Amino acid sequence: MMARALSGTWLALVFGFMIAPLVVVAGASFGRGGRTAMIDFPPHELTWQWYLAIPGDQVQALALSISLALACALAAALLGVPAALGIVRGDLPGRRAIAALFRLPLQIPAVVVGVSFLQLYYIVGDVIELPLVGSFWGLALAHLFIALPYVVGSVVAILNRFNMRLEEAALVLGAGRWSTFRRVTLPVIMPGVFAGAVYAFMVSFSDLPVALFLAGQGFVTFPVAIFQSLDYDFSPSMLALSTLIIVFSFVVMVVVQRSIGLTNLLHTGGAG
Amino acid sequence: MTARWHLLMWPPLLLSLALLVGSQSIFLRGSFFADLRVGRLGSELTLQNYWRVASDGFYLSALWLTVRLSALVVVFTFVLGYPTAYILARMRSVWAPLLLALLVATSFVTIVIKVLGLVILFSPGGLLNVSLLWLGLTDQPVSLRGTEFGVVVGLMYFTIGFFVLLLYGVVRTIPRSLEQAAQLLGAPRWRVFWRVVVPLSLPGIITSALVVFNLCMGAFTSAALIGAGRILTLPVLIQRTVMLDARYAMGATLAAVLLLCGLAINLISILAVGRLKAARRVVA
């Protein structure tokens, strides 16, 4: 009995610690703003005013972050699935080394990715006159570089558990190779693809360092906007947007749990 | 039949390789040239940047600060995270899956927003400081921005969810029957935990702790947002050296040092776990 009460208290404390900043952001987004500061937590009176007055540049930053993350997740899925199929089924000598090669970007700190892609883009830009720094595709490519290992890892994990008999059965029953892939293989590996894509989305969406290096004039992602506003002009509408993102993250998690289960997502964390 | 599967792998592999080799070789090469500031490099190969990092007190103290703060985060994350993972893994109530889902969901909210909440929570007139002052626990407001304490707290939010999930998996692989056996033989609960659970999860603890340490060494977002330009860990220093001072070669050298630290930690991790496993085989 004692032990149960003790562990219950411990969990309450640790979870309270973990959730506190999110509660503060959500709470303060409904505050009117005090006399001394714009931020008011706990709010003295509740108001929607910051949700109705989100400035255009903040909406733009959020829209940029979301489209970047979508592009990154889509590209990572389109490239990650064939890569995983090749690794698991290709039967090449040294496939462990190839798998390790795909994981390598995870070992590079994001700041180093930022520095190195900045210099790569300068040189590429000089040679083919393509300004990649400060461009959507330049940043998307760098995000893809960090995010691809997650999709490869999660799809490899699921392919290793795949029962080949399913495919053989489909082939014996007269299905073509393509329709076997589309109607048997793909549905089985889909949870892995989805889990990897969710990870890729989050990696891109929450990235600050790479975006700081590769952002340009008037090209600002949401994390960069928060970074800049913390030092200069912090506005409570930022909190309103952040609260919407928190709600969105929780909704995504519920969808993930309902559709593929959290275990599939957790397997992705180690990237294979 | 199976021979053609590997063809699928080449486009993504070549793209990854091109980006990896292209980006890493260019910046590493840059670190071997003299830094002439304003983005220009010298023309002769030299080791002077590395010499500078190894001898200049400013860079050495930044490196030491990064190692020290990362180690502190590992200790605090372990103290909070390990019991939590254990309790969650052994919980039989209906709350267990719910709490696990909550843990995953909170870890998935971007760190930028968590840091934002922390800064508000610790602001001079904020809830925490008002209550601390009222309780008489401090005589002046505890500040987060620009302090080492703040950066450690911020980094913990970056690592704790991940750490708990890793160790949750580790504890789940330890059969409950081992604990029950020890309990039946009369060992008190804390002793079962200390003599059975901890030793069996030790390899998992070591690898997870090193993963957290590595994450902290390379962590930019918490350190930059909370450090506010006063706590210069290596990642923050790299960004400022390149973006504010336009010293590309020096920034590249620091980045190479950070990369080497990460590789060294990984090597230690592999060796340590290998030795532990070997030792266990001898005992068994």
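Leaving aside its neighbours within four places in sequence, with which residues is B:Asp245 in contact?

## A loop residue of chain B

This report describes a predicted model. In that model, B:Asp245 is in contact with B:Val38 and B:Arg240, once neighbours within four places in sequence are set aside. B:Asp245 lies in the loop between α11 and α12 of chain B. The relative accessible area of B:Asp245 is 41%, and the residue is therefore partly exposed, a class that runs between 20% and 50%.

B:Asp245 and B:Ala96 stand 149 residues apart in sequence, and their C-alpha atoms are 50 Å apart in space.

## Positive phi at two alanines

Most residues other than glycine have a negative phi. B:Ala246 has a phi near 50 degrees, which is a positive value in a residue other than glycine. B:Ala246 is placed in the loop between α11 and α12 (248–283) of chain B, and with a relative accessible area of 22% B:Ala246 is partly exposed.

For B:Ala228, phi is likewise positive, near 50 degrees, in a residue other than glycine. B:Ala228 belongs to the loop between α10 (221–227) and α11 (234–243) of chain B. B:Ala228 counts as partly exposed at 21% relative accessibility.

## Helix packing in chain A

In chain A, helix α5 (residues 110–128) and helix α6 (residues 136–160) have axes that come within 11 Å and cross at roughly 135 degrees. The two helices α5(A) and α6(A) are therefore oblique to each other, and their crossing is right-handed.

On the side of α5(A), the contact is made by A:Val113, A:Phe117 and A:Tyr121. On the side of α6(A), A:Gly138, A:Leu141, A:Ala142, A:Phe145 and A:Ile146 take part. By type, the residues of this contact of α5(A) with α6(A) comprise 7 nonpolar, 1 polar and no charged.

## Helix packing in chain B

The contact draws on B:Arg52, B:Val53, B:Ala54 and B:Ser55 of α2(B), together with B:Gly57, B:Tyr59 and B:Leu60 of α3(B). The residues in the contact of α2(B) with α3(B) divide into 4 nonpolar, 2 polar and 1 charged.

## A buried methionine in chain A

A:Met238 is situated in helix α11 (residues 237–259) of chain A. A:Met238 has a relative accessible area of 3% and is buried. Residues up to four places away in sequence not being counted, A:Met238 touches A:Gln58, A:Phe222, A:Ala225, A:Ile226 and A:Ser229.

## Cysteines

A disulfide requires a pair of cysteine sulfur atoms within 2.5 Å, and the count over all chains comes to 0 disulfides. B:Cys216 is in no disulfide, since the nearest cysteine sulfur, that of B:Cys261, is 14 Å away. B:Cys261 is also in no disulfide, and the nearest cysteine sulfur to B:Cys261 is that of B:Cys216. B:Cys216 is buried, with a relative accessible area of 3%.

Notes: Residues numbered from 1 in each chain as written. Chains lettered and ligands numbered in written order. Predicted model: local features only at pLDDT ≥ 70, side-chain atom pairs only at ≥ 80, totals over all residues. Heavy atoms only, no water. Buried < 20%, exposed > 50% of the residue type's maximum accessible area, 1.4 Å probe, protein only. Axes fitted to C-alpha atoms, helices over the stretch in contact; angles between N-to-C directions. Helix = DSSP H or I, 4+ residues; strand = E, 2+ residues; numbered from the N terminus. Parallel < 35°, antiparallel > 145°, perpendicular 65-115°, else oblique. Left-handed = near helix turned anticlockwise from the far one by under 90°. Contact = heavy atoms within 4.5 Å. Nonpolar A, V, L, I, M, F, W, Y, C, P; charged D, E, K, R; others polar.
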